[in-house]
Amino acid sequence: MVIGEIFLTAFIQVLFGKLASRNLWNFGRRERVHTLLTKWKKMLEQIEAVLADAENKQMTNQEGIRFWLEDLEDLAYDLDDVLDEFATEALRRKVTEEPRASNSKILALVPTCCTSFNPRNLAYGFRVRSQIDEITSRLQDLLERRIRLGLQNAVVGPSSKAPQRPHTSSLIHEPCLYGRDGDKRALIELLLSDQSKGLIQKLGEQKQMEDLGCGYFHELLSRMEKKLENNEGLKNITKARHSSYTRGYRDVIKKLEIFQKANNLRSFLPFGWRDGGTNQSISFLTSYVPLDLLPSLRRLRVLSLRRYRICEVSSLIGDLKHVRFLDLSCALIVTLPESIGILYNLQTLILRDCKNLSKLPASTSNLINLRHLDVTGAYSLKEMPPKIGKLTCLRTLSNFIVSQGNGSMIKELGNLIHLRGTLYISGLENVVDALDAMRANLKDKQGLDVLLMKWSNISNNSRIESVESEVLDMLRPHKKLKELTINGYHGLTFPTWVGNSLFSNMVCLKFQHCEKCIYLPPLGQLASLTKLHIQGMKAIKNVGLEFYGLGCSNSFPALEILTFEDMPEWEGWSPFGIKEGAQAFARLLELSIKRCPKLLQKLPSNLPCLRKLDIHECPLLLVGWVPSSTKLNDVRNTLHFDSLISLSLTNISLLNSLRNPKVGDEVVLENGTYSHLSSLTSLRIDNVQGLECLPNCFFHGLTELQELSLSSCKELTSLWKNEVGQHHHLPAFRRFLVKRCTQLTSIFEEEQVEEEGLQQHEELPYLMMLEYLKIEGCGKLEKLPRGLLNIKYLQELIIHGCPCLISFPKTGLPSTLRTLDIDYCDALSSLPELVMLNNLEKLMVSRCPSLTYLCCSGNGLPPTLKDLYISSCGNLECIIAEEGIKINCPSLESVVIWDCESLKSLPDVMPDNNGGCLSNLSKLHITECDNVESVPEGWFTATKLRVLCVRNGKKLKGPPYHAYNNLTCLQDLRVNSCTAAATGLVSYLLKEESSFSCSHYFTNLTCLSLWNVDMEGKPPSKWGLHILSSLRQLFLMHYGWASFPPQGDEGMMLWLPPSLIKLTIGDFTNLEKLSCKECHNMSSLEQLDILRCPKLTTITELGQLPSLSELSIWNCPNLASFSAEEQRLRLPPSLLHFWINECPILKQSYEKRKLCYASSGMVNAGAVLGSDSDAVTALDPAFEWKLVLG
């Protein structure tokens, strides 16, 4: 889309501002063009005086006034360009310190009427001189037309007031729109675009340009909503000023060639492909755009190629002298051209996630207007460009890298006094002189909010602890800093400023891998600290009173999140509270302690607000939550946090009262009024040794518990004794997960009873409110509790990896169940009575070799069933044990049956008034079921069937042809020759004598996969594939042809449907040659995959595929070349990326030419391939190889 220019009144005010610029007038006087500037200013004042009248009168549909305003808008843009060129030349001279010579370039551009200098002495500058003459003439024309149009003066001259926020206007002329609206990130880019065009003015010196711009953000949103129009003005593309489009996965020349005529564009902004998401979504772009198209758009102010995997930036980028905003995020570039350094107007340079970028140009220091430089995620970047300290306008510098042997480089930070936001300084181990660190002058960078300082984590003899201590001391930031990270520091102690109470705005602190520090600084003094993360401090043995801050009575008053990780020597944590009434961690919400193997002593006990506690891999730490009768009072940790809602314990030691049911229950009885963890909603226990059974006390008082997870408790044999459940209920308990408890044999230790004495109403008090139950990896589990039937709210039951489970309780399962998922239960011989589960929607049964049927009764499957999945049940003979039973499943949407070699048939379906009960079935897969003989005709009454896959059913026969007439919604068909039914279906689908009717029936078919389907012996050219007018993907697998197309069937390519986008050829064991010579009709083909063709040696005429952008060749060990009668046809120029796997001859061709591979495995296509060097170098230079070398 093209986004409307900020309204004329504001734009002309900007022009007045530029014409009044002191720098421009100094330049004008020096170059003797000030007379011209004065003349333009006076003419603009006269035009501006009638502008308000013109805007009002255009509403009366006076066409002449509308044309006058449109011409004024065009003129304003062109005048702005010329003034910008003057300013740019002034900047260039300032940077290069060019002598003030009288024979300047600008004089050659000035008409003789405006200066006494004679331009005939110079032979260049004709283009801009013509522009100047033209602008003067157009200004005069507008002045004359204003009189004829009767436009009246309002206020003469520009406003004398301070610049104000631009007013809205009724004038919105936009010549062109492409695509659709973008996301917030894109809007921010547009905001920077406004800044780049000069429309965001500073209010004195009190507000930064970016701050003022943020105030315009919501206004910009509303403007965009008003300016979206659908493809209006494509015929006026030459007048388009701003553009964006929806970025695709592969953007080729055809999509973007319209921009060739858009010579006046000021912004180029691709949006989309999940820009707003958290996942990095990348795209591929024809190199025609960065190497040819964009350098020709000389008026660009804003240029974004964000998330395009481009490999090269043109050296001609320096010609884009007006550009202010450049975003190359996610590019695969290794370097930038030195010409980037002549973009003197550039204010924002974004190189985020350019992971191959190894260096910035030395000329970067010439970008004296640069305000934002973002190299976040450019992990290959090892140094900063020289003299970066010259970029004194920088507001944002994401990373500053101190390279090895160049430690003094850090002092370049000293001049960058306007830095704000986040600064990440790495390579600090290379700073050997603390005075250089002092000259970085961090303490005066008042705009910084977040500071990250990183030393290398690698210890070596060259690192001197005292030097690192001095360097850190000299890197003291200003006192208003909000977040600080210190990583890899190897000093023995921290300087006194770390933890100083004067840093009253500090909210987040992280210490990572400071391996030699023996004490923590007095962090408890930081009044605003809310998050503290301490990791990898290997030398600390005790967290002592110094941690709280000496003399501090209210330590860590604001702290909410505290984390300790990877502290192998930590043994104790000294308690706080020497003075009466002293309180530490008064607002702590989350405490996490992980991988501290020697931690033994007590943890803080007075944490009134604690809501989440995680203790992982602290095997010596004793934990409990009831009073203990043992003599371990000096080391035990009794948890009694009334606010705790989440507790996770992994590889710790439980107190004896929680491991021994008898001891624990006695303690509870002695302390019957004891209340603890009453707010707990989530409890996770993982890898706790010695836990054989859950005693009554384990759940004492957990009235709010909603979720319980037990994992890897390898001595647990049962969860509860039979009598335990009779004492307590868990009224809020909803989710229960039991994983990898390898000795577990039962949920409850139930008494043995005779079958006739089964208690139909036996209750499981702890589980009565349960909605979700998953049991996984419990290899000795033999039975499930009889009382499952009475869990009236259970909706999901999942049992995976329980090979000793024989059967379900004869009492059955609750009728509320919606999902039943069973996997890898070797001994399971039967399922519960399914028809009684009258709410069941999903049934999944996998790897249960002892099952011979699913249903034993005559009532069949539940009518509510939506998804049925059966796989790898080798002895399953039938779905319903009783023969002749029909199913009635009107809700059924998906049926997948795979690898059930004993299955003989599917049940028939009940007819209904609409011809069948499978009215919602959309997916049917029957694969690797060799003994299935038929699919009843009733299954083909499914008029909504979209996906049908029938493969490797050697005995399967198809229904009568008329049954296929219902498959009008079919979109995806996958079949192979092992299935007579599948072959019959394809033959019917493509039958020549019924082609008219079939093409009518199967207009929705977009994907067809044929695995060695015989097609009644016809050559491929006679198959009739051309009638499938909607086909987008075609898979041809396991054919024995020696050539493609087969020899003697040269017309095959003409009979492939022209709608194809993707063609896959795989497992052609005899294929030697593949020719695309007759592929003229396949103009839409974008992707070609050639897989596992061991004899293939040659591929010819790939250049006949004009839209091919992705080519994959896998496991073709003898493929040596691409050939064609003309070199240009060996590979198509549209190719963007090429995937090669297990093709050793091609690999060898690369190795002979000593090609270098990027760390990602991607190689620029400027490289050559075997004998096809001309073909490859003719490719789009953005083309990429990816070799998966086996």
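## Briefing: a buried loop phenylalanine and its surroundings

At 2% relative accessibility, F585 counts as buried, where buried means under 20% relative accessible area, exposed over 50% and partly exposed in between, with a 1.4 Å probe and protein chains only. Welcome to this predicted model, in which local features need pLDDT of at least 70, side-chain atom pairs count only at pLDDT 80 or more, and totals for chains, interfaces and linings use all residues. Residues are numbered from 1 along each chain as its sequence is written, and side-chain values use heavy atoms, with hydrogens and water left out.

**Overall picture**

- The protein has 20 helices and 52 strands; helices (H or I, at least four residues) and strands (E, at least two) are DSSP runs, numbered from the N terminus.
- Of the 1190 residues in the protein, 54% are buried.
- Its accessible surface is about 49900 Å², with 49% belonging to carbon and sulfur atoms; such areas come from the Shrake-Rupley method with a 1.4 Å probe, and for residues only the protein chains shown count as cover.
- Taking contacts (heavy atoms within 4.5 Å) between residues at least 6 apart in sequence, 69% join residues at least 24 apart.

- F585 sits in the loop between strand 18 (572-573) and strand 19 (590-594), and its phi is near 55 degrees, a positive value in a residue other than glycine.
- H513 also has a positive phi, of about 55 degrees, although it is not a glycine; its loop runs between strand 14 (508-512) and strand 15 (531-535).
- H513 is partly exposed, at 24% relative accessibility.
- The peptide bond from F1044 to P1045 is cis, with omega near 0 degrees, and P1045 belongs to the loop between strand 43 and helix 18 (1052-1055).

- Strand 43 joins strand 45 (residues 1073-1075) in the parallel sense over 2 bridges, and F1044 stands opposite L1074 in strand 45.
- Strand 39 (residues 947-951) is largely enclosed by the rest of the structure, because 4 of its 5 residues are buried.
- Strand 39 pairs in the parallel sense with strand 38 (residues 923-927) over 5 bridges and with strand 40 (residues 972-976) over 4 bridges.
- Bridge partners here include H925 with C949 and V947 with D972.
- Strand 50 (residues 1137-1141) is mostly covered, with 4 of its 5 residues buried; 5 bridges join it in parallel to strand 48 (residues 1110-1114), and W1139 is the bridge partner of S1112.

- The largest nonpolar core holds 267 residues, and W573 and L854 have the most contacts inside it; a core is a set of buried Ala, Val, Leu, Ile, Met, Phe, Trp, Tyr and Cys residues joined through side-chain atoms within 4.5 Å.
- Helix 11 (residues 288-296) gives the most to this core, with 4 residues.
- A second, separate core has 36 residues, among them L19, L51, A76 and V82.
- L435 lies in helix 12 (residues 434-439) and is partly exposed, with a relative accessible area of 39%.

Technical notes. Pairing = 2+ DSSP bridges.
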